[in-house]
Amino acid sequence: MKITLAHGSGGKSTSDLINSVFAKHFSNPILNMMEDSAVVDGASRIAVTTDSFVVTPLIFKGGDIGRLSVCGTVNDLLMRGAVPKYITSAFIIEEGADTDTLEKIAKSMALTAEEADVTVICGDTKVIEGKGGIYINTTGVGFVKESTDIVSTNLREGDSVIVSGNMGDHHATILSARMNIENNIKSDNAPLCEMVRKMLKNGIELHCMRDVTRGGLGTVLNELSKASNVNIELSEEKIPVDNEVRSFAKILGLDILHMGNEGKLVAVMPKEQANNALEIIRACQYGENAQIIGEVKRGSGVTLITSIGGRRQVNMLYGEGLPRIC
């Protein structure tokens with residue numbers, strides 16, 4: 001069945017769509033009440049984030065827009081040390097979208113929410129004129145302990161910088177799909193709950209965490225450098241990259257440091273805790289390729305020590321990059 005404008009009218013067609021797709025996969029006691037707002041248990045401190053997802057194509061190797069929307073929202077909460085609890089989900093669907101595709105996306109979203117231990121508590125559906133596109137807006141809520149203070153201004157001279165895995169996988173996957181290039185590259189979109197939870201549980205003094213999405217590692221580290229007024233020195237040889245992604249980037253002239261991911265984090269902590277943190281991350285799902293890639297130093301900006309011993313300045317991504325990546 002194809003989506004028509006009637007599915008966004010608020011009448012029977014809307015009700016049928018909600019019941020046959022969204023209620024079917026997101027069913028839980030809170031959402032099933034179908035009230036105008038959800039009333040849930042809270043905490044003294046909460047983290048809140050919101051994001052919109054417009055990825056093209058909707059379904060790609062290793063994921064889809066539904067999984068992506070949950071991972072992106074959950075990971076944003078985790079980067080402040082929050083425990084993700086609730087997600088809202090609003091779908092904007094263009095006329096002509098296929099309900100089979102929509103249901104695949106909703107099912108994937110529900111399974112990822114279950115993996116991340118979050119509950120979809122409310123949502124909305126709108127249908128607009130168009131060519132069959134699907135867009136998702138999510139808002140996430142998580143609980144934060146009073147003692148937790150993980151922010152971009154916390155970097156200190158001597159801190160170590162860890163990335164949780166290979167760079168550029170998601171970017172290469174989306175670009176491959178758009179260019180009809182056959183390869184084995186898969187998106188890294190994943191919820192990073194386990195590694196964050198275990199680092200906090202084991203007393204790692206996390207000064208800062210950020211997920212490496214649009215703009216890539218180079219952009220994220222420049223933002224942290226500016227926020228804390230420090231220099232971040234990276235070792236090119238330590239930055240983990242899948243061999244196929246590296247070859248793909250070389251062929252197309254892409255800079256790995258500016259390629260996006262959707263299931264990787266940067267964590268900064270005291271140097272004496274870095275090896276322990278690395279062991280914790282590597283023992284977690286999605287963290288087996290983690291590496292200590294650099295150190296915080298006095299100065300400003302981001303510096304890369306190249307594989308031949310040279311030094312180059314790493315800037316933020318300028319220009320468009322790859323649009324509609326998430």
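Modeller: A crossing is left-handed if the near helix is turned anticlockwise from the far one by less than a right angle, and right-handed if clockwise. This is a predicted model, where local features need pLDDT of at least 70, side-chain atom pairs count only at pLDDT 80 or more, and totals for chains, interfaces and linings use all residues. Residues are numbered from 1 along each chain as its sequence is written, and side-chain values use heavy atoms, with hydrogens and water left out.

Colleague: Nice, then which handedness has the crossing of α4 and α7?

Modeller: The crossing of α4 and α7 is left-handed. Contact (heavy atoms within 4.5 Å) is made by D169, A172, L175, S176 and M179 of α4 with V245, F248 and L252 of α7.

Colleague: Why are α4 and α7 called oblique to each other?

Modeller: The axes of α4 (residues 169-179) and α7 (residues 243-252) cross at roughly 60 degrees and come within 10 Å. Angles under 35 degrees count as roughly parallel, over 145 as roughly antiparallel, 65 to 115 as roughly perpendicular and the rest as oblique. The pair is therefore oblique.

Colleague: What makes α6 mostly covered?

Modeller: Buried means under 20% relative accessible area (1.4 Å probe, protein chains only), and 10 of the 13 residues of α6 are buried. Among them are L217, V220 and L224.

Colleague: And which residues have the most contacts inside the largest nonpolar core?

Modeller: F91, I93 and L217 do, in a core of 87 residues. Helix α3 (residues 99-116) gives the most to this core, with 7 residues. L217 touches V163, M167 and I293, among others.

Key: Buried < 20%, exposed > 50% of the residue type's maximum accessible area, 1.4 Å probe, protein only. Helix = DSSP H or I, 4+ residues; strand = E, 2+ residues; numbered from the N terminus. Core = buried A, V, L, I, M, F, W, Y, C linked by side-chain atoms within 4.5 Å. Axes fitted to C-alpha atoms, helices over the stretch in contact; angles between N-to-C directions. Lists of a residue's contacts leave out its neighbours within four places in sequence.
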